[in-house]
Amino acid sequence: MSAQATPDARIVAALALLIGGLCLGPASARASDVVVVDAGSQSVLVPPGAARRASVADPGIADVEIVHPREILVRGKHPGATHILIWVDGWEEPRQYEVSVGAPQLGEPAEESAQVQIETRIVELSRRALRQAGISLTRIGDNTTISVTPPGTLSGISGGGGAGFILDSASGFLPLSQAFNLVYGNAGENLLVTLSVLEQNGMAHTLAEPTLVALSGQTASFLAGGEFPIPVVQNGGSGSSITIEFKPFGIRLMVTPTVLPHDRISLRVAPEVSEIDFTAGVETGGVTVPGLITRRADTMIELGDGESFAISGLVSQQLSANVDKIPGLGDLPILGALFKSTRFEREDRELLMIVSPHRVRPAAANAEDLPLPGEEYRNYNPGLFELQGLETGRFDPDGAGFWP
C-alpha cells in the first residue's frame, strides 16, 4: 500500500474529525474549525477576530504562527492529527481548531513557486576621531634640574653631585611617541621644550550584498567574516584535555521567508554584526581568549513580491575623554597647558540593511544557457608578440585593450 495520501483520504480524515467532534457534545469542532494540510505544506487560517496568541498541542505534527492578527499560518510537519488554540479579542475562551496532517504529495507539480530569493545589501559605516596633546619642559643645570613631563615619559633619575642629575627616558621626553612633535632646545641654557600634538580622523565603509534562496518556511543564512579558536577543557576519566572550538564573527544574516496568499511574503530577518575585542578578553590556561562586540536585531515584516524594506538604527557610539594634570597647576588658564596632557576619542558606527524578496522558479534544465562570470576570457590566449609588445594590462579578450 502506498504511503501517499489521496485527496479522498484527506477528506475522509477531515470528516472523521468532524464526526468525532459532533459525538462529543456542544464543545465539539464545527466544519469551519477543521484544518486539512499536507506534511511539508502550509495553509492560512482566518480567525473570527484579531488573534493575540496561538498554541499547538503537538508541535511534532504541525506548527502555527501569527503572521497577521487576521491571518494565521499552519504548517504541516508530520502525518497525524492534533488541535490548536487561538485567543481572539472579544472572546473569553480560546477557539479550538482540529488539524489533520496528511502525507506529503509527491510527484505532483506545484501550481506556484514556493522558493524565495532574498536580495540583501548590508552597509556598515564607521567614523573615528582622535585628538591628543601634551607638553614636556626640562631644564638641566649644574646643580639644578627642573622637569615637567606627562605620565609615562620619565622612567627614572640618575646621577647627582657635581655631575648633576640625568633624567632617564626611553621615549626621549616625547609626550606622545606617535604624534607630531615640536621641539625647542637651547644648549647654552640647558633647556628642552617638546610639544606633542596629534589629531586623527578615520572612516571605514563595509558593503556586503548576499543573495540567498530558501524554500518557504526554511531558514537561509549568510556569514562574511571568520572564526577564531576557543580552548575548551574537557574532563574525562583519565584527566582533563583541551579541545578547540571555533566561534564565528563578522556580518551574519539569517532570513526565514514564508509565502502567503495574494502574492505576499512574510520575512523574519535577524542581522548581526560582531568584531573581536581583546580588551574584553579573558585568560584561561595561559591563553587569552578575546571577547566579541556584537550588535544584532530580530524583526518580522510582510512584503509584496519585489518590495524592499530597510533596517537602520543599529547605531553604536563610543566617547572617551581623559585629562592627566598636576592638581592646581593644571587648572590655570593658558599656563595650565604646561602641566597637563589631554586625550579625546570618539567612534561612531551605523549599520543599514536593505532586503528585497522575490518569488523565483528554477532555471531550465540546460545549464549551458546560464551566463557565467568571465566567460569571455575562456579563450583568451595571446601570443608572445601580443603579450610582450601590445598588452597594456586591460586584458581585453577582443584585442581592443592592446592599445592605450
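R268 counts as partly exposed in this predicted model, with a relative accessibility of 45%. Its side chain forms a salt bridge with D298, and the closest N and O atoms of the two are 3.5 Å apart. Follow the chain between them and you will see that this pair links distant parts: R268 sits in strand β17, while D298 belongs to the loop between β18 (287–296) and β19 (299–304), 30 residues apart. D298 counts as exposed, because its relative accessibility is 51% and exposed means over 50%.

Now step back to the whole chain. The protein chain has 2 helices and 21 strands. Of its 404 residues, 30% are buried. Among contacts between residues at least 6 apart in sequence, 60% join residues at least 24 apart.

Next, look inside. The largest nonpolar core holds 18 residues, and I122, L267, V269, F309, M353 and V355 touch the most other members. Five strands each supply at least two residues of this core: β8 (115–140), β16 (239–260), β17 (264–284), β20 (309–325) and β21 (340–360). A second, separate core has 17 residues, L45, A51, V56 and Y97 among them. Leaving aside neighbours within four places in sequence, I122 is in contact with T206, L207, A208, I251, L253, L351, L352 and M353.

The whole structure contains 16 salt bridges. One of them joins the side chains of E345 and R128, at 3.1 Å from N to O. E345 lies in strand β21 and R128 in strand β8, so this pair ties together parts that are 217 residues apart in sequence.

Another bridge pairs D348 with R346, whose closest N and O atoms are 3.5 Å apart. Here D348 is buried, with a relative accessible area of 13%, and R346 counts as partly exposed at 36%. To finish the tour, find D63, E65 and R75, which are linked in a network of salt bridges.

Conventions: Residues are numbered from 1 along each chain as its sequence is written. This is a predicted model: local features need pLDDT of at least 70, side-chain atom pairs count only at pLDDT 80 or more; totals for chains, interfaces and linings use all residues. Side-chain values use heavy atoms; hydrogens and water are left out. Helices (H or I, at least four residues) and strands (E, at least two) are DSSP runs, numbered from the N terminus. Buried means under 20% relative accessible area, exposed over 50%, partly exposed in between (1.4 Å probe, protein chains only). Contact means heavy atoms within 4.5 Å. A nonpolar core is a set of buried Ala, Val, Leu, Ile, Met, Phe, Trp, Tyr and Cys residues joined through side-chain atoms within 4.5 Å. A salt bridge is a side-chain nitrogen of Lys or Arg within 4 Å of a carboxyl oxygen of Asp or Glu.
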